[in-house]
Amino acid sequence: MSDSWAAEVNRIRRLQAADWRLLREVRLEMLSDTPMAYGESIAAARRQTDTQWQERAATMSGDSSITLVADDGADGSRIRGLMRVVIKQPQDPSQARQAMLISVYVAPEHRGLGLADQLLDEACAAASSELGAGVIELGVHEDNVRAKKFYARHGFEVTGASRPYPQDEAKQEIVMARRIRLLSGPSHPGHQAIAAY
Ligand SMILES: CC(C)(COP(=O)(O)OP(=O)(O)OC[C@H]1O[C@@H](n2cnc3c(N)ncnc32)[C@H](O)[C@@H]1OP(=O)(O)O)[C@@H](O)C(=O)NCCC(=O)NCCS
């Protein structure tokens, strides 16, 4: 491992449909690394067919959501960080347009080095400028202390709302939210429901 993540992760870019194998690899890594962080089990993810991974990558790289990945840029590239923003459904009409931050992951060797900060800053900027969002919400497992601290440092506050964690209903998923500055109007006219991978 080098001293700087920048030496290993050459670029933050958008996921492409053609990245479906890289997506499968990192998704299985995420679900194995931090099972409590995502609403899908690794067993369910392992059952997905190649066609389903292709469809998932196509959805995640479509116009109505933003999927940022950090890859190492080398031959046989690997995704070392991922964050996704989708428009929340349904919307609360009393607030600015709400987006959801989902599928947050930075590989263990890149944690604490600023990659997560950079991904989140870019995700918030893109949510504002491309999705027209003024608020970003997320759900975090009550026991995920590291993620809660990370979000708090970035201005996310606990809203008071919570919901049972789908994989273990004895545990709660805490809702946090942050206002973001609206950079410009939405460039996506249709905000249809997006599969929340
Ligand atoms: C959540 C995640 C993206 C944050 O990225 P990161 O690089 O680890 O974040 P940072 O190191 O910048 O910040 C983490 C904070 O937790 C603290 N921390 C580090 N290790 C910790 C630990 N074991 N327990 C509690 N807090 C810890 C850090 O000191 C830091 O605190 P600060 O913000 O008050 O300084 C990353 O940890 C990750 O991918 N985790 C696994 C997947 C996950 O939990 N995703 C979130 C789903 S909601």
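Strands here, like helices, are DSSP runs numbered from the N terminus, with at least two residues (E) for a strand and at least four (H or I) for a helix. Please keep in mind that this is a predicted model, where local features need pLDDT of at least 70 and side-chain atom pairs count only at pLDDT 80 or more, while totals for chains, interfaces and linings use all residues. Residues are numbered from 1 along each chain as its sequence is written.

Back to our pair. S5 (residues 135–141) is joined to S7 (residues 168–179) by seven bridges, and the two strands run antiparallel. Two strands count as paired if DSSP finds at least two bridges between them. Glu137 is also the bridge partner of Met100. How does the chain get from S4 to S5? It crosses through helix H5 (residues 115–131), in a right-handed β-α-β crossover; right-handed means that, with the strands pointing away from the viewer, the path from the first strand over the helix to the second runs clockwise.

Now the whole sheet. It is open, has seven strands in the order S1-S2-S3-S4-S5-S7-S6, and its pairing is mixed. Strand S1 (11–14) and strand S6 (157–165) are at the edges with a single partner strand each, so one side of each has no neighbour in the sheet. From one strand to the next, the twist averages 25°.

On to the helices. H2 (residues 20–33) and H4 (residues 50–60) pack at an angle of about 95°, with axes 9 Å apart; axes are lines fitted to C-alpha atoms, for helices over the stretch in contact, and angles run from 0 to 180 degrees between N-to-C directions. H2 and H4 are therefore roughly perpendicular, a label for angles of 65 to 115 degrees. Trp20, Leu23 and Arg24 of H2 meet Trp53, Gln54, Arg56 and Ala57 of H4, where contact means C-beta atoms, placed from the backbone, within 7 Å.

Which residues are closest to the ligand? They are Ala37, Arg111, Gly112, Ala116 and Lys149, among 16 residues that surround the ligand; a residue is near if its C-beta atom, placed from the backbone, lies within 6 Å. Strand S4 (98–106) and helix H6 (145–153) are the elements that give two or more residues to this shell, and H6 has the largest share, with six.

Finally, two backbone details for you to look up. Most residues other than glycine have a negative phi, and most peptide bonds are trans. Ser103 is not a glycine, yet has a positive phi of about 55°, and its place is in strand S4. Gln89 and Pro90 are joined by a cis peptide bond, with omega about -5°, and Pro90 sits in the loop between strand S3 (79–87) and S4.

Conventions: Parallel < 35°, antiparallel > 145°, perpendicular 65-115°, else oblique. Contact = placed C-beta atoms within 7 Å.
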